[in-house]
Amino acid sequence: MAATAEQPINLRRNRILATSGVLIEWYDFMVYGLLATTIQQVFYPTSDATIGLILTFATFAVGYLARPIGGLVIGRLGDTRGRKFALVLATMLMLVPLFVITILPSYDQIGLLAPILLTLMRLMQGFSVGGEYSGALTALSESAGASGRGRSVSLGLATAMGGNLLASLVVLCTTLIWGQEALAAGTWRIPYALGFILCAISVLLQRKMHETEEFATAQKSGSTGSPVGVLWRHHRGPVLLMLALATWSGVTVYTLISWMPSYLETVVGVTSSRADATSALVSLVYVSLIVPVAILGDRRGRRRLMYIAVVGYLILSVPAILVLGRGMVVGAILAILILATLQTLVDSTTTTEMTELIPTSVRYTGIALTYSIGMIIGSFTPALEESLVAATGSVLVPAFVLMAISLLLVPVIVILPRYIARARGEAAAPLGAS
């Protein structure tokens, strides 16, 4: 009886420990984006600020390109050595770039070695994120009963956006306390130093995790082994569905968190501080809604929420972009509320369904690979939208992109139950069973 009474407590504890690394990973990625102009001045000095900023964002993109590699390597370890082993490893890997970037000399001090080392550290960060986030989602999924899977997985989503919000607040406080001019002089290192401290705490916490019961059972039954080969031979269909779901999430979320603030600042003409405030508001709305929406999906059905999201984008995308373009505070808040709410419908459902499409023995690798690729595709969406806006002259292009990607997902939503049922049937099957 004691063990049974302790089990819910242990599960809740595991969820907290699993998400601690997610907070740091997303905090770190957001800090770089927020400090892009300062980093350009420190590591890419050039008379042409535009070229310097392009190089800075290119270094940012390198982190995304490393994600699938990290997903494959760390994901395989997660499916063979265990969720805990892989999560601790991914978080420990993040300690190195956080420390190095915190103390990295500027271009004026060591020349070309500075941007080279910065790029290498971004590669390591991307590699780590590729295994960390997917591992946390896997562990969260396996630390919940079938009836509460969405709620459990949504904790990882909330923590990720919470990392973005924390980064925004830390950078804002650093700027307010020491001033904008002091950033290039060295105060930009403070957010990175704080990230290193938080990451070290996260490593210590994750070492206290327990292995998920689902993985332990699969390991005892001998159904863990070569996840990449098994995915390729036996789960191509589910992997394609997972990639489609991840792409839907990637396209919509990057329109929300990347395109919208840039549009408000460069086209609508709001101040930089107000554009930053919109990013913080997006994160706040998302964090507030994602868990309740996921609970609703657990109770009423996630496919139903997916269909509501599709209809919502079809009906509300154009009005949201139109009111956003008016430049009024009320209009911007209304657009954020609409798009951020629709985003929680997408993320809380698609991410949870991804964890159910393939069995335990290959789940970590499958999620790591497909989610990383989906986010890479999504990261190019703002650039594509801006190019199409310039070519067509229509500011409604992002709305049409949101509508199109949602319509394309309808066939995927229709066939999801068949593949999820198949995965549940294969969960206890030996490795390689057809």
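## Overall fold

Of the contacts in the chain with a separation of 6 or more, 85% are between residues 24 or more positions apart; contact here means heavy atoms within 4.5 Å. The model is predicted, so local features need pLDDT of at least 70 and side-chain atom pairs count only at pLDDT 80 or more, while totals for chains, interfaces and linings use all residues. Residues are numbered from 1 along each chain as its sequence is written, and side-chain values use heavy atoms, with hydrogens and water left out.

The chain contains 20 helices and zero strands. Both are DSSP runs numbered from the N terminus (helices: H or I, at least four residues; strands: E, at least two). The C-alpha trace spans about 60 × 50 × 40 Å along its principal axes.

## Surface and charge

Buried residues account for 53% of the 434 residues in the chain. Buried means under 20% relative accessible area, exposed means over 50%, and partly exposed lies in between (1.4 Å probe, protein chains only). The chain exposes about 18000 Å², and carbon and sulfur atoms supply 69% of that area. The areas come from the Shrake-Rupley method with a 1.4 Å probe; for residues, only the protein chains shown count as cover.

There are 28 positive and 21 negative side chains, and the centres of the two sets lie 10 Å apart. Lys and Arg count as positive and Asp and Glu as negative, with His and the chain ends not counted. Each charge is placed at NZ of Lys, CZ of Arg, CG of Asp or CD of Glu.

Ile 16 sits in helix H1, which covers residues 2-34. Ile 16 counts as exposed because its relative accessibility is 59%.

Leaving out residues up to four places away in sequence, Ala 18 touches Leu 87, Glu 132, Ala 136, Ala 139, Gln 206 and Met 209. From Ala 18 to Thr 351 the distance is 16 Å, C-alpha to C-alpha, at 333 residues apart in sequence.

Arg 83 belongs to helix H5 (residues 83-103). The relative accessible area of Arg 83 is 0%, so this residue is buried. Beyond four places in sequence, the residues touched by Arg 83 include Glu 142, Glu 211, Arg 363 and Tyr 364.

Ser 134 is found in helix H7 (residues 113-142) and is buried, with a relative accessible area of 3%. A polar atom of the Ser 134 side chain lies 3.5 Å from the backbone oxygen of Gly 131. Apart from neighbours within four places in sequence, Ser 134 is in contact with Tyr 364, Ile 367 and Ala 368.

## Helix H17: Ile 373

Ile 373 is part of helix H17 (residues 360-379). With a relative accessible area of 31%, Ile 373 is partly exposed. Its contacts, neighbours within four places in sequence left aside, are Pro 68 and Leu 243. Ile 373 and Ala 246 are 127 residues apart in sequence, and their C-alpha atoms are 7.8 Å apart in space.

Methods:
A polar contact is a pair of N or O atoms within 3.5 Å; within protein, one must be able to donate a hydrogen and the other to accept it, and residues adjacent in sequence count only if both atoms are side-chain atoms.
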